[in-house]
Amino acid sequence: MNIVILSNGSGNYSTKRIRNAAKERGHNVRVISYAKCYVTLEKNNPVIYYNGEEVKDVDIIIPRIASSLTKYGSSIVRQFEMQNVFTTASSIAIVRSRDKLRSMQILSKASIDIPKTVFARETDDFDGVIEQVGGAPVIIKVARGTHGNGVVLAETRKAAKAVMQAFYVEGVSFLVQEYIEESAGTDIRALVINGKVVASIMRQSLDDDFRANTHQGGVGKSVKLSDEEKKTAQKAAKAIGLTVCGVDMMRSNRGPLVLEVNSSASLKTPELITGFDVAGQIIDYAVQAAKAGRRKDKIGA
Ligand SMILES: Nc1ncnc2c1ncn2[C@@H]1O[C@H](COP(=O)(O)OP(=O)(O)O)[C@@H](O)[C@H]1O
Ligand SMILES: [Mg+2]
């Protein structure tokens, strides 16, 4: 099959692994920097150009869209969708997963447990908001943050209020969340492919940071998920409409809580720690699903 990986980082571990897995399986594979693509639109003729040439006869795209380029990247994905090309992540699901508020709404509607969350814009009722999530300390997150940047732990009511006020002034959308103290500094990343958890790791911050992201200095180690944790991750992936994704969860006293679902989760730490061939699984899934035909997104949010 003709497979295109949409990635701006051809030297990136995940991109390289996916490309090699496709090659090993005898597919024709290219990495295309979506940021450098342009598209043309006219009646019934959606075309994509890369390096001055039309990109055509593609059977499968595997989007690896950076969060800084969600809008442009997902538009390129949409252009392929308009050509009926199979994608391992639909444009709408990518956009949905990148908005923390929208994701939380969808997860809660799907009866998935999440940290209690408040979203507000210009309320003066700071105390009310803080009380809603159990009082200080609270977590405050910008709606479109990633890699742990944009997640703040406000230890006191005063600090929480000041952070909220700062975000209001800057017009930044954010959410205020219950602080899951019992597993602060650790989280679980479960990679889900086609409805099943295929690899999972626990990430732990090395210093006393409450964020476990490897981009914040967190390290991964192996972890065995309970059935409940597996089911929760699988349910979250389904709710967001992503067939290839990384689900972040925290182990709380009341069970697993989902933090977010990532549409281009890194394969690096999970593969290196578990030894599992995640890239190969992505290709196998994509090829089988592309043959079966594209499924429509039915989430409705
Ligand atoms: N409600 C919370 N309570 C405690 N720690 C949290 C909470 N939410 C996030 N964290 C920590 O911060 C990290 C980043 O949060 P997350 O929502 O996944 O945002 P990002 O998109 O930046 O990765 C998590 O991996 C976790 O370690
Ligand atoms: Mg995260």
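## The shell around ligand 1

Ligand 1 is surrounded by 22 residues, a residue being counted when its C-beta atom, placed from the backbone, lies within 6 Å of the molecule; the closest are Pro115, Ile180, Asp187, Arg211 and Ala212. The model is predicted, so local features need pLDDT of at least 70 and side-chain atom pairs count only at pLDDT 80 or more, whereas totals for chains, interfaces and linings use all residues. Residues are numbered from 1 along each chain as its sequence is written, while chains are lettered from A and ligands numbered from 1 in the order in which they are written.

Strand 9 (138-146), strand 10 (149-154), strand 11 (174-178) and strand 16 (255-262) are the elements that give two or more residues to this shell, strands being DSSP runs of E with at least two residues and helices runs of H or I with at least four, numbered from the N terminus. The largest share, 4 residues, comes from strand 9. Domain 2 (116-179) and domain 3 (183-275) each supply at least three residues to the shell, with bounds taken from an automatic or database domain assignment.

## Helix 1 against helix 9

Helix 1 (residues 13-24) packs against helix 9 (residues 278-292) at an angle of about 55°, and their axes are 8 Å apart; axes are lines fitted to C-alpha atoms over the stretch in contact, and angles run from 0 to 180 degrees between N-to-C directions. In this contact, Arg17, Ile18, Ala21 and Ala22 of helix 1 meet Ala279, Gly280, Ile282 and Ile283 of helix 9, where contact requires C-beta atoms, placed from the backbone, within 7 Å.

Terms used: Two residues are in contact if their C-beta atoms, placed from the backbone, lie within 7 Å.
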